[in-house]
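Colleague: I would like to go through the packing of this model with you. Can we start with the core and then turn to the aromatic rings?

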Amino acid sequence: MSISAETPGLVVEQAARRRTFAIISHPDAGKTTLTEKFLLYGGAVVEAGAVKARAGRRAARSDWMEMEQERGISISSTVLQFEYRDHVVNLLDTPGHRDFSEDTYRVLSAADAAVMVLDVAKGIESQTLKLFEVCRARNIPIITFLNKYDRPGRDPLELLDEIESQINLRPTPVTWPVGIPGDFRGVIDRRDSSFVKFSRTARGTRASAEEIVDPERAAHEEGEAYQAAREGIQLLDEVGAVYDRESFLAGSSSPLFVGSALTNFGVRHLLEAILEMAPAPSARADVSGMPRAIDSAFSGFVFKIQANIDRFHRDHLAFVRVCSGRFERGMVATHGGSGKPFATKYATSMFGAERETIDEAYPGDVVGLVNASDLRIGDTLYVGEPVVFPPIPTFAPELFATVRPRDTSRFKQFRSGLQQLEREGVVQVLRDPDGDPVPMVAAVGRMQFEVFSHRLQNEFGAEVDLRETTYKMARRTDPATAQELRRLGGVKVLSRSDGELLALFENPYWLARLESDHPDWRLDHILVEPAVA
Ligand code: G4P
């Protein structure tokens, strides 16, 4: 392996071309449609619809995880890479509702920016909110896309208020709609006051040709709707809702675009905003807060593990986000956890579930390493100067289930599987130190339980009896508060392998009452917390 003299310059140049982001949205807001349209504009698919069609084909011939076949769902998160206007765009897919899991959150730790898609009829919804909170915890810059404007919906000014008041993010519209939702005429681009006329393509299977109309003609043709939009813009100017790079990059304001992904309208604006506004990969801070320069030797961290994709090969795919330097397939990196050399002969990129071997990658890119069974979520890989990146956080679980082996003679297998899957971050494992020996597994999405049971049975030979409990939320607590809580009903205090004590509650109202009656008790809200070591 050789790193040529011009590599540092090349790395800086390549990193500057890259934009790595994720889409956050509630199910049905239009994430899949928008993803397809991005690929369509990026030339990665010739006709939109190909992603779904491809997914269908894949499901038909997929030989991994029968569960996926049986249920027709995709457990794999995908990383899509395409070029657009001399940039390399990495779109990290955040698994959706049915396969929502901690992975959905973890993916955000590898993104430099997020696009928040809102349905104009619905505004901020629960899943958007959860994902948004994870972005906020990392100060990830967010671009907002107000989708489905071709359909009836809510007043956009009201939605701006909702975004600001509910999530304390200041929207700064860059395009503003002419016409009400359902009677969409187009958008005014506030940067140059041009009017882009809305037209329906045939469900948007091809990139739409845009008609840009000068303001005078638009005022004449669109009449009152145009006048109302101009007044709206004047109001936005007066209240200072204007794009501001600094507050956007700090995660406190959000440039907003209006469109209709289904008909391709607004997709170009959004894609260009990602290139122009979203940050390129920059030096990532290590555990001590020291940034690792983008042009230092290769480094990256694992943000997701997918095991047993192919059950005939028992493989183990680790997704690594490149943070610095140039990754070359075949290079030998050092595994931060063990200090051991790690060969990267089998490096792949993912497009849906289809793998392609890749030979090189730059900061911002994601590399899939096959047969990486020694790697764990959060692990660092590096070449040259050692570096350790901060661990990936764990997240507040919302589902809790007791788990025991069906066949007690398989207890040893059960125990080692439990340990392994906990280390891989498939579920969190909670135990009662002085009581019930039956462990509890905790997750943010039901899919995690399904993967957990499936893998215990298939890889460790321990079929399990998993029973969901009525606990709904967890708070971090301390031994003194735990003692008080143990005297009450409807609450259970358990410990996790990192030593944290978690109090589980069944009833949110009762928890709220305890919080107000006992302000001295420690009942910390968990959103994002340091990872289990
Ligand atoms: P998701 O990934 O966020 O869950 O949403 P998805 O893109 O699957 O979109 C959910 C539904 O909303 C789809 O309809 C999709 O066609 C529709 N949709 C997305 N964007 C727009 C838009 O801009 N305008 C309108 N009118 N509809 C939009 P579906 O009937 O559930 O699926 P399909 O039969 O169209 O595939």
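Modeller: Contact here means heavy atoms within 4.5 Å. Keep in mind that this is a predicted model.

Colleague: Which residues does Met-116 touch, not counting residues up to four places away in sequence?

Modeller: Apply that contact cut-off of 4.5 Å between heavy atoms. Neighbours up to four places away in sequence are not counted. That leaves Ile-24, Ile-124, Thr-128, Phe-132, Ile-142, Ile-143, Thr-144, Phe-145, Ile-167 and Leu-169.

Colleague: Which residues touch the most other members of the largest nonpolar core, and where does this core lie?

Modeller: The largest nonpolar core has 79 residues, and Ile-24, Met-116 and Leu-369 touch the most other members. Domain 1 (23-72 + 114-277) and domain 2 (284-382) both give residues to this core, so it lies between them.

Colleague: How many residues are in the second, separate core?

Modeller: Its members include Leu-80, Tyr-84, Ala-261 and Leu-275. The count for this second core is 29 residues.

Colleague: Are the rings of Phe-198 and Phe-265 stacked or edge-to-face?

Modeller: The structure holds 13 aromatic pairs. In the pair of Phe-198 and Phe-265, the ring centres are 5.3 Å apart and the planes stand at 85°. Planes over 60 degrees apart count as edge-to-face, so this pair is edge-to-face.

Colleague: How many residues apart in sequence are the parts that this pair ties together?

Modeller: Phe-198 lies in the loop between strand 9 (194-197) and strand 10 (211-213). Phe-265 lies in the loop between strand 11 (253-258) and helix 10 (267-276). The pair therefore ties together parts separated by 67 residues.

Notes:
Residues numbered from 1 in each chain as written. Predicted model: local features only at pLDDT ≥ 70, side-chain atom pairs only at ≥ 80, totals over all residues. Heavy atoms only, no water. Core = buried A, V, L, I, M, F, W, Y, C linked by side-chain atoms within 4.5 Å. Buried < 20%, exposed > 50% of the residue type's maximum accessible area, 1.4 Å probe, protein only. Domains from an automatic or database assignment. Phe/Tyr/Trp six-rings, centres within 6.5 Å; stacked < 30°, edge-to-face > 60°. Helix = DSSP H or I, 4+ residues; strand = E, 2+ residues; numbered from the N terminus.
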